[in-house]
Amino acid sequence: KPLNFSKCKGATVSIGDQDLLISEIKGQPVIADRGINVDKVLTVKNVDLHTGHIEYDGAVIVKGDVVSGMKIKVTGDVQIFGMVENALIEAEGNVDIKLGAIGHLESSDAENAMHIKCMGNLTAAYLENAHIDCQGDVLIKSRVSNCNVNAAYQIIVGNSRQQKSGIVGGHVNAGTIIR
């Protein structure tokens with residue numbers, strides 16, 4: 001059965017095999033409805049005053065931390081291996097924070113509060129004093145404290161093996177399930 005790939009960003013259909021997509025650029029493959037898109041990838045050590053705010057057409061990988069007051073806006077995924085402190089993160093893909101994200105309590109209603117907005121899924125170790133708007137699922141390893149979380153589908157916090165996990169304070173809304 002022919003696959004009939006649609007126009008794929010960063011990839012093209014092979015001339016010799018119409019069922020094979022070939023990447024045109026080095027980058028991160030992202031599954032699309034009828035094919036695979038390939039996003040360019042920007043890798044930085046930290047997001048701080050040395051890098052400045054990041055606005056990028058593609059995916060961003062942060063090997064360390066995102067410091068207070070910084071902004072990341074991307075058309076792809078964001079993967080952060082460290083902590084996020086009181087920053088703004090907007091992604092048209094997924095956001096993955098290996099450690100946690102923490103906002104400042106005194107600025108929770110201010111414009112410079114901790115905000116994460118993503119069109120895909122959000123995963124993190126924990127969230128504290130943050131505003132979350134997620135068009136996918138929110139999956140948190142341990143705890144959500146004093147956050148405003150909106151997810152289009154499900155919010156899952158902790159698991160049966162994780163002690164002291166759960167949702168404490170704030171407002172949590174999900175399209176299908178909160179667990």
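I started with Cys134, which is buried, with a relative accessible area of 1%. Buried means under 20% relative accessible area, exposed means over 50%, and partly exposed is in between (1.4 Å probe, protein chains only). Cys134 is in no disulfide, and the nearest cysteine sulfur, that of Cys118, is 3.5 Å away. A disulfide here is a pair of cysteine sulfur atoms within 2.5 Å. I then checked Cys147: no disulfide there either, with the sulfur of Cys134 the nearest at 13 Å. Cys147 counts as buried too, at 0% relative accessibility. A search of the whole structure gave me zero disulfides.

Ground rules, before I go on. This is a predicted model, so I note that local features need pLDDT of at least 70 and side-chain atom pairs count only at pLDDT 80 or more, while totals for chains, interfaces and linings use all residues. Residues are numbered from 1 along each chain as its sequence is written, and side-chain values use heavy atoms, with hydrogens and water left out.

Next, the core. Which residues touch the most other members of the largest nonpolar core? I found Ile116 and Leu127, out of 36 residues in that core. Strand S16 (residues 138-151) gives the most to this core, with six residues. For the terms: a nonpolar core is a set of buried Ala, Val, Leu, Ile, Met, Phe, Trp, Tyr and Cys residues joined through side-chain atoms within 4.5 Å. Strands (E, at least two residues) are DSSP runs, numbered from the N terminus. I listed the contacts of Leu127 (heavy atoms within 4.5 Å). Leaving aside neighbours within four places in sequence, they include Ile116, Ile132, Val144 and Cys147.

S12 (residues 95-102) and S14 (residues 122-128) run parallel and are joined by six bridges. S14 and S16 also run parallel, with six bridges between them.

How many salt bridges does the structure hold? I got one. Lys98 forms a salt bridge with Asp96, the closest N and O atoms being 2.8 Å apart. The term needs a side-chain nitrogen of Lys or Arg within 4 Å of a carboxyl oxygen of Asp or Glu. Lys98 is partly exposed, with a relative accessible area of 37%.

I also picked out His131, in strand S15 (residues 130-134). His131 is buried, at 18% relative accessible area. The His131 side chain makes a polar contact with the side chain of Asn148 (3.2 Å). A polar contact is a pair of N or O atoms within 3.5 Å; within protein, one must be able to donate a hydrogen and the other to accept it, and residues adjacent in sequence count only if both atoms are side-chain atoms.

Last, two asparagines. Asn86 has a positive phi of about 45 degrees although it is not a glycine, and I found Asn86 in the loop between strand S10 (84-85) and strand S11 (88-91). Asn146 has a positive phi of about 50 degrees, again without being a glycine, and is found in strand S16. Buried or partly exposed? Asn86 counts as buried at 5% relative accessibility, whereas Asn146 counts as partly exposed at 43%.

Notes: Helices (H or I, at least four residues) and strands (E, at least two) are DSSP runs, numbered from the N terminus. Two strands pair if DSSP finds at least two bridges between them.
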